[in-house]
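Subject: Structure handover and findings

Hello,

Here is the structure we discussed, followed by my notes on it. Please read the notes with the coordinates open.

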Amino acid sequence: MKYVIGVDLGTSAVKVLLVDQQGQVVAQASEDYPLQQPEPGYSEQNPEDWVTGTTTAIQQLLANSQVKPGEVEGISYSGQMHGLVLLDADQQVLRPAILWNDTRTTAQTQEIMANMGQRFIEITRNRPLEGFTLPKLLWVKENEPGIFAKAATFVLPKDYVRYRMTGKINMEMSDAAGTVMLDIAKKQWSDEICAAFDLPLSLCPPLIEATTNVGTITPKFAAESGLAETTAVFGGGADNACGAIGAGITKPDQAMCSIGTSGVILTYEPDTQVDYHGQLHFFNHAITDRFYSMGVTLAAGYSLSWLKKTFAPDDSFDDFVGSAEQSTIGAHGLLFTPYIVGERTPYADAKIRGSFIGVDGKQVRADFIRAVLEGIVFSFRDILEIYAENGKDFKQLVSIGGGAKSPLWLQIQADIFNKDIVRLESEQGPGMGAAMIAAVGLGWFANFDECVDKFIAIKTIYHPIAANVARYSEFYKVYQQVYGQTKDLTAQLLALEEADQK
Ligand SMILES: Nc1ncnc2c1ncn2[C@@H]1O[C@H](COP(=O)(O)OP(=O)(O)O)[C@@H](O)[C@H]1O
Ligand SMILES: O=C(CO)[C@@H](O)[C@H](O)COP(=O)(O)O
C-alpha cells in the first residue's frame, strides 16, 4: 500500500492525516500548542512548538496506523498564513513568530499606504492589513533594530517546519502572496516594494510551487519522527488555499466557508482579471497559475473558543455548542459581533471590539452561545454581500474546519446565507488539501481535478428552511448597524484598557 501525509499547521494545533490512494483517511493525530498574547493586540508562537508538535503528531500517526514508514511516499503541508519567522545567517530563529492575528502594526500599514498608495494594491492586489507579513517585518525593523540587523531571511510557519524536516529554505508561492511583498501576477518578489521600504531583496527566500518536490526527510528528522528518509517532501500551501483544494474548490462559481480559529469565505479565481479593489484578499492559489479571493473574519472559531474557555472550560465542545439548540433564532433578542481581536472583512479595523447587544434578564447561557454562533455567520454574510455586489452569487458553499463538526452551526449557515451548505466526509479541508498536494506532486494524479474526484466525498447537504431564512434576514438588518454604532465606543474602551496596561 502507498500513503501520503498532510500536515495542517493551524493556530490552535497541528493536525496530521495519513491518507491512502483512494483518499481514505487511515489515521489522524493532533498536538495543541499555546498562543502568547503578551500585550493587547499581540499574538505570538514559538516556532519550536510547531516542530515539536509536528514530530509528536507524526510519531502518534505512525504508531496508530501500523503503516510501515517506507509506505509513506510523500508529505506536504497546509500552514497558518502570514506569520513572520525571522532567521539569522545560521538559520536560527531570532524572535517568537508574529502571527496573522497580531494587530500591533497599524502604524506600519499606514506607512505602506502613505509611501506607495494605489501602486501597492496594483502589485500585491491587497490592501496592507495588520495581519500580513510586510507590516510585521517593518515593525521589527523599527522597534527591534538589533534583531532586524541579524536577520538573513524570513519564512512563514509551514515553510519553517518544512525547513526543519528537509534542511532546505524556501517559500511556497500561495503563502508568499500573503506576505504582500510578491508581485502576484509575475510570481516574483517585488523589488519595487523592497526598495520602497529599504528591505534587501536577499531577505526573501527562493520561491517554489505547492507541488515542487524539495527533497526527502533528513536523517535527523527521520530518527526523531519515525518517518523514512525516502519520503518525498512537497512545498504545500497557505491553509486557505489547501482548504479550498480539500473542499474541492477548483473551479469558478464554487465557494467555501471555513471556520477554524479565523473564518473565511473563499472562491476560486481563474485569473487576475477580477478586481475587488482590495476589499477582499486576492492571492495565488496552490494550483499553479490560478488564484483565489477571500474575506476573513479574524475571530470566528476563536470567538466560540473564547466563550467556552471563559465560561464553560469543563464542557465538551459538542455539548457546549449543542446546548444552543435550547435557544432560538435570534437568541431571544441577543446579537453578538465577533470583533474580539479586531476585524479584517468587511471592516479593516484593528481597533474595533466585539459586543453583545440586547442583553436581557430573561436570557440564559444557551442564548449567549447561540448569539455567538449566529454572530460569526452574520459576519460571513457580510463577506457574501461583497461578492454579491461584485456580481458573484454562489448556489452552495462547502463548509470545512472545526466549526463544520456541528450540525446546528451548519444549519445556521444554510439559513443565514439562504444557500445549500455541503458537509464533507472529512471536515479537515486544509489537512486533506495538503495530502492532495503530495498525491498530485507524486504523480498519483495528472491534476487536482482528478484528485478531487477520487478524494472528496459529500456527507450531508443542509438546505435553507424558508421560515428561518426570513427570520434571520430581520436580525441581519440589525447586525449590519452594530459596527457603525459601536466603533467609537469600543475604541474608547480599548484606549482606556491600553493606558491601564502601560
Ligand atoms: N465540536 C465542535 N463544534 C463546533 N465547533 C468546534 C467544535 N470543536 C472545535 N470547534 C471550533 O473549531 C475551531 C478550531 O478549528 P480548526 O479548523 O481546528 O482551527 P485551526 O486550523 O485554526 O487550528 C475552534 O476555535 C472551535 O471554535
Ligand atoms: O490570516 C488568515 C488568512 O489571511 C488566517 O486564515 C490564517 O491563515 C489562520 O488560519 P486558521 O488557523 O484559522 O486556519
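This is a predicted model: local features need pLDDT of at least 70, side-chain atom pairs count only at pLDDT 80 or more; totals for chains, interfaces and linings use all residues.

Helix packing

The axes of α13 and helix α14 (residues 407-417) cross at roughly 40° and come within 10 Å. An angle between 35 and 65 degrees falls in the oblique class, and α13 and α14 are therefore oblique to each other. On the α13 side the contact consists of L373, E374, V377, F378, R381 and L384, which meet W409, I412, Q413, I416 and F417 of α14. By residue class, the contact of α13 with α14 has eight nonpolar, one polar and two charged members.

Helix α13 (residues 365-389) also packs against helix α11 (residues 301-311), at an angle of about 165° and with the axes 9 Å apart. Angles over 145 degrees count as roughly antiparallel, so that is the class for α11 and α13. The crossing of α11 with α13 is right-handed. Here S303, L304 and L307 from α11 meet F368, I369, V372, L373 and I376 from α13. Seven of the residues in the contact of α11 with α13 are nonpolar, one is polar and none is charged. L373 is listed in the contact with α11 and also in the contact with α14.

The remaining helix pair in these notes is α2 and α4. Helix α2 (residues 106-116) and helix α4 (residues 133-143) cross at roughly 110°, and their axes come within 9 Å. Since angles of 65 to 115 degrees count as roughly perpendicular, α2 is placed in that class relative to α4. Q108, T109, E111 and I112 of α2 make the contact with L134, P135, L138 and W139 of α4. The contact of α2 with α4 divides into five nonpolar, two polar and one charged residue.

Domain annotations

Two UniProt records, each marked as an unreviewed entry, cover much of what is described here. The first, "domain: Carbohydrate kinase FGGY N-terminal", is given by UniProt for residues 3-246. In the model, that span is 37% helix and 24% strand, and its end C-alpha atoms lie 16 Å apart. UniProt lists "domain: Carbohydrate kinase FGGY C-terminal" for residues 255-441. The span 255-441 is 35% helix and 21% strand, with 24 Å between its end C-alpha atoms.

E172 sits in strand β9 (residues 171-172). Is E172 buried or exposed? A residue with 20 or more other C-beta atoms within 10 Å counts as buried; E172 has 32 such neighbours and is therefore buried. Beyond its neighbours within four places in sequence, E172 is in contact with D159, I208, A210, G235, G236 and G237. As for a distance along the chain, E172 and A457 are 285 residues apart, and their C-alpha atoms are separated by 28 Å.

E39 belongs to the loop between β3 (25-32) and β4 (44-45). With 13 other C-beta atoms within 10 Å, E39 is classed as partly exposed. The C-alpha atoms of E39 and R104 are 9.1 Å apart in space, while 65 residues separate E39 and R104 in sequence.

Backbone geometry

Most residues other than glycine have a negative phi, and most peptide bonds are trans.

- T345 and P346 are joined by a cis peptide bond, with omega about 0°. P346 is in the loop between β20 (335-337) and β21 (355-357).
- Q66 is not a glycine, but has a positive phi of about 65°. The loop that holds Q66 runs between α1 (47-65) and β5 (72-79). Q66 has 8 C-beta neighbours inside 10 Å and so counts as exposed.
- N418, also not a glycine, has a positive phi of about 55°. N418 is in the loop between α14 and β23 (420-424). With 16 other C-beta atoms within 10 Å, N418 is partly exposed.

Regards

Definitions and conventions. Residues are numbered from 1 along each chain as its sequence is written. Chains are lettered from A and ligands numbered from 1 in the order in which they are written. Axes are lines fitted to C-alpha atoms, for helices over the stretch in contact, and angles run from 0 to 180 degrees between N-to-C directions. Helices (H or I, at least four residues) and strands (E, at least two) are DSSP runs, numbered from the N terminus. A crossing is left-handed if the near helix is turned anticlockwise from the far one by less than a right angle, and right-handed if clockwise. Two residues are in contact if their C-beta atoms, placed from the backbone, lie within 7 Å. Ala, Val, Leu, Ile, Met, Phe, Trp, Tyr, Cys and Pro count as nonpolar, Asp, Glu, Lys and Arg as charged, and the others, Gly among them, as polar. UniProt positions are given in the numbering used here, feature names are shortened, and annotations may be inferred rather than shown by experiment. A residue is buried if 20 or more other C-beta atoms lie within 10 Å of its own, exposed if 12 or fewer, and partly exposed in between; C-beta atoms are placed from the backbone.
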